[in-house]
Structure formats: C-alpha cells, structure tokens
Amino acid sequence: TDGSVVQGRGAAGIVSFGRGETDPTINSGIPLGLICDSFTAEQEALRICTDKILASHRAGDRVVVLTDSLSNVMSLRSAGARDPREDRIMRNLRAICKKGVSLEIRFVRSHNGCRGNILADAACSAIAKQPGLFATGRTMPEHEEVLRKLPCRLVLDHNGKFLEPVAPSHPSFQSLLRVIDAGRVWIKLSAPYETSKSGAPG
C-alpha cells in the first residue's frame, strides 16, 4: 500500500501479489481529493487494503501487507482514541483474524527497491496528479461537452456538489451521469451534509 499527495491532492495506491506471482493481481490508484495530508492518504490505503482482504480471503490464507508509513504502523499499535478511519482498520483487522486469516502488517522503507511499494507509489502518484473539478453540479450541463472530451481522468468532488438536493431525473444530474459514462471520471463521495436539507448530524 502507499499514499501520496501532490499539490494538496491525495491518492491511495493498492498493489496485490498472489503467492509466487511476479505480476500484480490488483494495481490501482484511488483518488482522495483535495485537502489530504500524507498520513491520511497512507491510512486510507490501509483501510481499502484491509477491506479487500476481509472480503476476499478465507481461513488458512496468509497475507502480508507492506506499508512505508511508519507513523500509521505505530498509531495502529498504540492504545487510546482513534479516528473513524483508523477505527475501521482495527475492526477489519479483528474480523480478518477471526476468520482464521493469518495477517501481518510490515513496515518497509520507501524507494528502497521493494517492487510492490514502487508500483503502489506509481499508481497513487499518477492519480494524485490528475485534475479535479470543484463546482456546483447545477451548472453541469454548461460544462458537459468539454468534460466528456477531456483526454485525462477527472475527479468531481463532493458528490457532484449539488448544494440543493436534486432528483435523479433533474437535467443537471442526468448531465452528470453522461459525463461519468465517458469512462474517465471519478466521483468523490464526501460531505453528504452539504446536500442535506437538515444539515450535518448533531
């Protein structure tokens, strides 16, 4: 796993090898959006990784997770209060062990020749460098033609940024779906309270 931040834009990288395999079965970068620090990017990579292990591995499997984030390894080892993302990782780890999967999280130094680390770093760095769009979703029809023709991947922040909720049949939402259908667009699912008429919880 690896996390990367480029000009404030974060991404997580996940690379997976089967026993004895030289080519990865999973090699993907996941965009995390703006205002993301490196600790959070690395932490999110571990969260996604443990989600995948919990969903796909069975009793008797042995899994080794490599991370170059010593701060996250030390935080997981420490007692005390945890943020929601780290709490999710800990719950995943307990559930994985309960399934009978042998799991080890191992620290490796970054840029030190570990192939998995190099590939994960490349995957998330490429995603982190992709452009993001931060605008209200209600203006999507005005930008649809240009966005669908972009040759690069694009991240649309905050669920498309519909500051007032719209119905799925709304022209702006339908425009968003057509942009997604271009095949190079990610939607960042974040801050749902921004499109809620009742506001954030509490």
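**Close-up views of a predicted model**

**View 1. Strands E1 and E2 pair in the antiparallel sense.** Strand E1 (residues 2-6) and strand E2 pair over five antiparallel bridges; pairing requires at least two DSSP bridges between two strands. Strands (E, at least two residues) and helices (H or I, at least four) are DSSP runs, numbered from the N terminus. This is a predicted model, in which local features need pLDDT of at least 70 and side-chain atom pairs count only at pLDDT 80 or more, whereas totals for chains, interfaces and linings use all residues. Residues are numbered from 1 along each chain as its sequence is written, and side-chain values use heavy atoms, without hydrogens and water. Asp-2 has Gly-13 of E2 as its bridge partner. Two residues separate the strands of this hairpin, and Gln-7 in the turn has a positive phi of about 50°.

**View 2. The largest nonpolar core has 18 residues.** Such a core joins buried Ala, Val, Leu, Ile, Met, Phe, Trp, Tyr and Cys residues through side-chain atoms within 4.5 Å; buried denotes under 20% relative accessible area (1.4 Å probe, protein chains only). Ile-14, Ile-53 and Val-65 touch the most other members. Helix H1 gives the largest share of this core, six residues. In strand E2 (residues 9-16), seven of eight residues are buried.

**View 3. Helices H5 and H6 meet.** The axes of H5 (residues 140-149) and H6 (residues 171-180) come within 9 Å and cross at roughly 10°. Axes are lines fitted to C-alpha atoms, for helices over the stretch in contact, with angles from 0 to 180 degrees between N-to-C directions. H5 and H6 are therefore roughly parallel, the term for angles under 35 degrees. Contacts (heavy atoms within 4.5 Å) involve residues including Leu-147 in H5 and Leu-176 in H6.

How values were computed. Parallel < 35°, antiparallel > 145°, perpendicular 65-115°, else oblique. Buried < 20%, exposed > 50% of the residue type's maximum accessible area, 1.4 Å probe, protein only.
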